[in-house]
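Colleague: I am new to this structure and would like to learn how to read it. Please take me through the features one at a time.

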Amino acid sequence: MTEVTHSDAGWLSREEMDAARERLPILYVDAVPVRVDDHGVVTAVGLLLRIGQDGQVKRALVSGRVLYHERVRSALLRHLEKDLGPLALPRVPSAPQPFTIAEYFPTPGVTPFHDPRQHAVSLAYVVPVGGDCAPQQDALELTWFAPDDVRDPAVLAELANGQSTLLLQALAHLGV
């Protein structure tokens, strides 16, 4: 999960967010960016490279919090632009439907998903992108993998907090 702090009306201060994380599940979105051909067949899956909270470089999906009074679609678009750049041209439908819901717990082993900071509930989406992607903010790099290559155990091991499970669920959902 990415962390961004703003002073805008929809954001909590760091202290308020920490207090909320101790008491409430927090809503997130996860997005698996894909490239598709003219027939809608997935040709590539995009994974970000980030520096994790532990200081290690890890692969990651696009993800982030949904703000108070923000539509899920708007949160998806905001995080896709934040991580992939303003020219990524994501194709998010007007009423997006998640392919799954991931529950991240601060206690390891409750689910395949783990976030040591909080209990988070994430709506997960596959999002085709058609434009030029350039990593932004805390994303160091974006790498496009062929669907078969992204299943490589070495690639999956680079994903943190159970996101490898989420990626495999996305590929199964796509029938790839």
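Modeller: Start with contact, which means heavy atoms within 4.5 Å. This is a predicted model, in which local features need pLDDT of at least 70 and side-chain atom pairs count only at pLDDT 80 or more, while totals for chains, interfaces and linings use all residues. Residues are numbered from 1 along each chain as its sequence is written, and side-chain values use heavy atoms, with hydrogens and water left out.

Colleague: Which residues does Leu 48 touch, not counting residues up to four places away in sequence?

Modeller: Leu 48 touches Lys 58, Arg 59, Ala 60, Leu 61, Val 62, Asp 83, Leu 84, Ala 139, Glu 141 and Leu 142. Leu 48 itself is found in strand E2. Helices (H or I, at least four residues) and strands (E, at least two) are DSSP runs, numbered from the N terminus.

Colleague: Does Leu 48 count as buried or exposed?

Modeller: Buried means under 20% relative accessible area, exposed over 50%, and partly exposed in between, with a 1.4 Å probe and protein chains only. Leu 48 counts as buried because its relative accessibility is 1%. Leu 48 and Leu 140 are 92 residues apart in sequence, yet their C-alpha atoms are 7.2 Å apart in space.

Colleague: How many helices and strands does the protein have?

Modeller: The protein has four helices and seven strands. Along the sequence the pattern is α-β-β-β-β-α-β-β-β-α-α.

Colleague: How do I read the sides of a helix?

Modeller: An α-helix has 3.6 residues a turn, so residues three or four places apart point the same way. Take helix H1, residues 14–23, where the buried residues are Met 17, Ala 20 and Arg 21. Seen down the axis of H1, these buried residues fall within an arc of 100°, so they line one face of the helix. The arc is that of the directions from the helix axis to the C-beta atoms. On the other side of H1, Glu 15, Glu 22 and Arg 23 are exposed.

Colleague: What do the buried residues of H1 pack against?

Modeller: They pack against E1 and E4.

Colleague: Which residues of H2 are buried?

Modeller: In H2 the buried residues are Ala 75, Leu 76, His 79, Leu 80, Lys 82, Asp 83 and Leu 84. They are on the same side of H2, because they cover an arc of only 165° around the axis. Their packing partners are strand E1 (26–36), strand E2 (42–51), strand E4 (62–65), strand E6 (120–128) and strand E7 (139–145).

Colleague: What span should helix H2 have at 1.5 Å a residue?

Modeller: The expected span of a helix is 1.5 Å times one less than its number of residues. For the 13 residues of helix H2 (residues 72–84) this should be 18 Å, which agrees with the 18 Å between its end C-alpha atoms. Just after H2, Gly 85 takes a positive phi of about 100°.

Colleague: Which loop holds His 69?

Modeller: His 69 is in the loop between E4 and H2. His 69 has a positive phi of about 70° although it is not a glycine, and counts as exposed because its relative accessibility is 75%. Asn 161, in the loop between helix H3 (153–157) and helix H4 (163–174), also is not a glycine and has a positive phi of about 60°. With a relative accessible area of 32%, Asn 161 is partly exposed.

Colleague: How many aromatic pairs does a search of the whole structure find?

Modeller: A pair of aromatic rings is described by the distance of the centres and the angle of the planes. Rings of Phe, Tyr and Trp (its six-membered ring) pair if their centres lie within 6.5 Å; planes under 30 degrees apart count as stacked, over 60 as edge-to-face and the rest as tilted. The search finds one aromatic pair. Tyr 104 and Phe 113 form this tilted pair, at 5.3 Å centre to centre and 50° between the planes. Both Tyr 104 and Phe 113 are buried.
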